[in-house]
Amino acid sequence: MAALPRRDFLAISAAAAAAALMPGQAFATIPTGEKLHGLSAFGDLRYGPDFTHFDYVNVDAPNGGSFNFAPPNWGYNQNPLTFNTLNSFTSKGDAPPRMEMCFDALMVRALDEPDAVYGQLADGVTISDDRNSFEFSLRPQARFHDGTPLTAEDAAFTFKLFKEKGHPDFSLSLTHLDDAVAVDARTLRLSFSGKQSARTILNIVQFPIVSKAFYEANPFDSSQLNPPLGSGPYKVGRVSAGAWIEYERVPDYWGRDLPVNRGQYNFERIRIEFYQDRAAAFEAFKKGEIVYREEATSRVWATAYNFPAFTAGKVVKHEFPSEKLPSMQATAVNQRHEHFRDARVRQAIALCFDFEWTQRNFFYGSYERSHSCFEKSDFRAEGMPSPEELTLLEPLRDQLPAEAFGKAVVQPASDGSGRDRKLLGRAAKLLNEVGWKRTGDFAVNDKGERLSAEFLVDDDTFVQVYSPWVANMRAVGIDATIRLVDSAQYQLRQSTFDFDLISAAFSFSATPTRDDLEIFFHSHTATVSGSRNLPGISSPAIDALLDAVGAAKDRESLTVAMRALDRALRARRDWIPSWFLANHRSAYWDMFGFPEQKPDFGFPVEALWWFDKGKAAKIGRA
C-alpha cells in the first residue's frame, strides 16, 4: 500500500501582502505583477511576509540523536520494504522513502493550513497578467551539498527533466508546462499553455529541485545507487542496499534559518530499516533497534504490547489524531481485464467482503467502514445530491450509473456471520445478470471461461484478512485466489497494472487540485505506467467532473464538485472502499520531545520531533 501519497517567500509590497491575506479570495484574483511571499488556492494565508517560523514547531528544539524508524507513508517510486535505486523521482525501480529530505523546493507547504505554500528556494513569486507565467526569484545563498550554487538553470533543468522522464507524480502535473527558463542566475520563469488548472502551480512549486550538473554526468534512471547531489537539510550517508539507509543532517545546510525550516530537521541522523516481514519489524522495535513505528496491525496493537520495555515504561503507546485530509483505502478492480468492465461484477465482488466479521475477528473493533473515496473530509457525498451537485451531474446522466443521482452509494452492512446469505445471494444474482452462469463450482460465460479474480498482496497479513473474502467469492462461483509476491515484484506489477485486484491507501490534499486527482481517476492516466489509476478508470463523465474540480473558484464550489465526483465514483464501483482509522497508532521509545499541538494537515515525525537527552537517560538510552 502506499500513501500517497502520499509532500511537503517574503513580499516587497505591503499592498501585495495584504491582498494575499484576504480570506476567501479566489486564486484567480491574487494580484499579478507584484512579488508575493506565499500562495494558496483561495488567497488564505495564515503567515504574513515577516513571519519567523511556523506555529507548530519548537524553534528551541535541540539538535542531535538518531531516529531509527520504519516510515508509515511514502510516495513516488518509493518502497518501504526494499530498495535498489537512490533515484526517487523516476518511474522505475524501488527507492527508499524520505529521499526527498535531501532536496529543497521552490516553496513548501505549511502543515497548519489546507493549501498554503511559502518560499524555500524562492523568496518570492510574481504572476503574469494572463496568469499563465510565474517568475520566481531564487535566494542567492542557496547551495548544493558540494558547495556549488543552486541556480535558476538547475530549476529550469529540473522541470524539463521531470516533464520528460519523471515519475507520473511529477510529469502529469507538468503536462501543460510550455517552458521553464532561467531568465538569469536567480530568476526562473515557468510558462504554461493556459490549459492548466489555476491551482496547478501549488503542486509544482513543491517539486524537489535537482542538480543539472549531476544529472548531465549521471543517468536519470533507476540504475543508480550513487547518491544524487541535493541541497536539503539531509544527505545520504551510509547505505546497505535493500536493508537500511541513513540520512545525515547537513551541518552547514544553507537554509537552516529560513522561516519555513526553523525548528525542523532536528535529528543528527535518520535511519530507515527495511523488513520484508511485519513480525521481524516488530521484534526490532521491541529490542530498540527501531525507536518509532505506526502500528498497522490491529491484533498487534491490541494484544502484543506487553513486552519488557513497554511494561517498564520505556516504550509509549499514543494515538495522535489523523490529519484533516481526504483519504481512501480501497481495493481496485482492474477494468483493463474485460471480465471486470461491467460494474455489476465489481459490485458482486464488493458484496462478498464481510467487514463486520472482519472487524470483530481481525481488527479488534478499531477500524471504521469506508464508503467514500474521500473519507474524513467534507468532500464525502451524503444522502441525495444537492441542487448544486445535480447541476454538474445532470449533463452527464447518460454516461453515469443511475445510482449517481440517488442516495450516495454505501457498502451494505452484513449480519456479521462471515457468510451473509442475503448479500451473497445478491452477488450471485448480479453475476447471473451479466451472463456468468453457475456450472458446478464456478461461474462461466458463454465461452465456458471461468470468472477468475486474483488478489495481489505483498504481506502475509493481507493473506489472512482477504482469505475470508476469497472464500465468499468462491461461494458465489468466482475462481478467486490470493498471490503473495515479494515487494519488488509487487511494485513492478502494480506499476504495470499486472493484477486483477489490488488494495491501496492514499491521502489527498486538503484542497485537491485537478492535478492531484487526475493521476487517480482521469482517462489519460489509465495507460500511464506508474499512475495511481489502478482500476483503469476511463470515463468522459469522470473527466468532466475533474474539470469541474479544477475550475472551482472558491471552497464552496470545490466542495460541490468533489462531492459530485465522489458520488459518481461510488456509483461506478471502480474502487471497493474498505476501512479507515481515525487516529495514528504510534508507539515509540520514550526519549523524544514533540510539539504540543499536532498540525492538522501533516505529521512528519522525523522532521518535527527531537531527541530529548533527559528522557533518554531515564530509560538508559542516552
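1. Five strands make up an open sheet of mixed pairing, arranged in the order β20-β19-β21-β15-β22. Its edges are β20 (479-484) and β22, each with a single partner strand, so one side of each is left without a neighbour in the sheet. From one strand to the next the twist averages 35°. Strands here are DSSP runs of E of at least two residues, and helices are runs of H or I of at least four, numbered from the N terminus. Two strands are taken to pair if DSSP finds at least two bridges between them.

2. The model is predicted: local features need pLDDT of at least 70, side-chain atom pairs count only at pLDDT 80 or more, and totals for chains, interfaces and linings use all residues. Residues are numbered from 1 along each chain as its sequence is written, and side-chain values use heavy atoms, with hydrogens and water left out.

3. Seven of its seven residues are buried, so β15 is largely enclosed by the rest of the structure. Buried denotes under 20% relative accessible area, exposed over 50%, and partly exposed in between (1.4 Å probe, protein chains only). Cover is found on both faces of β15: S327, Q329, T331 and V333 are buried on one side, and M328, A330 and A332 on the other.

4. The pairing of β15 can be followed on either flank. β15 and β21 run antiparallel and are joined by seven bridges, with Q329 bridged to A505 of β21. With β22 the pairing is also antiparallel, over three bridges. In β22, P577 is the bridge partner of A330, while I576 stands opposite T331.

5. Which strands does helix α9 (residues 343-351) lie across? They are β15, β21 and β22, and α9 runs at about 25° to β22. Helix α13 (residues 460-475) lies across β15, β19 (452-457), β20, β21 and β22, and runs at about 170° to β20. For these angles, axes are lines fitted to C-alpha atoms, for helices over the stretch in contact, and the angles run from 0 to 180 degrees between N-to-C directions.

6. Helix α15 (residues 514-521) is mostly covered, as eight of its eight residues are buried. Contact is defined as heavy atoms within 4.5 Å.

7. The axes of α16 and α17 come within 8 Å and cross at roughly 160°. That makes α16 roughly antiparallel to α17, given that angles under 35 degrees count as roughly parallel, over 145 as roughly antiparallel, 65 to 115 as roughly perpendicular and the rest as oblique. The crossing of α16 past α17 is left-handed, meaning that the near helix is turned anticlockwise from the far one by less than a right angle, whereas clockwise would be right-handed.

8. On the α16 side, the contact is made by I542, L545, L546, A548 and V549; α17 contributes L558, A561, M562, A564, L565, A568, L569 and R572. By class, the contact of α16 with α17 has 12 nonpolar, no polar and one charged residues. In this scheme Ala, Val, Leu, Ile, Met, Phe, Trp, Tyr, Cys and Pro count as nonpolar, Asp, Glu, Lys and Arg as charged, and the others, Gly among them, as polar.

9. Another open sheet has five strands in the order β1-β6-β7-β9-β8, with antiparallel pairing. Its edge strands, β1 (35-36) and β8 (177-184), each pair on one side only. Helix α2 (residues 152-165) packs on this sheet, touching β7 (133-138), β8 and β9 (187-192), and its direction makes about 165° with that of β8. β1 pairs with β6 (residues 122-127) in the antiparallel sense over two bridges, and V125 of β6 is the bridge partner of L36.

10. Two loop residues other than glycine have positive phi values. R131, in the loop between β6 and β7, has phi near 65° and counts as partly exposed at 24% relative accessibility. Y265, in the loop between β11 (244-249) and β12 (269-273), has phi near 60° and is buried, with a relative accessible area of 14%.
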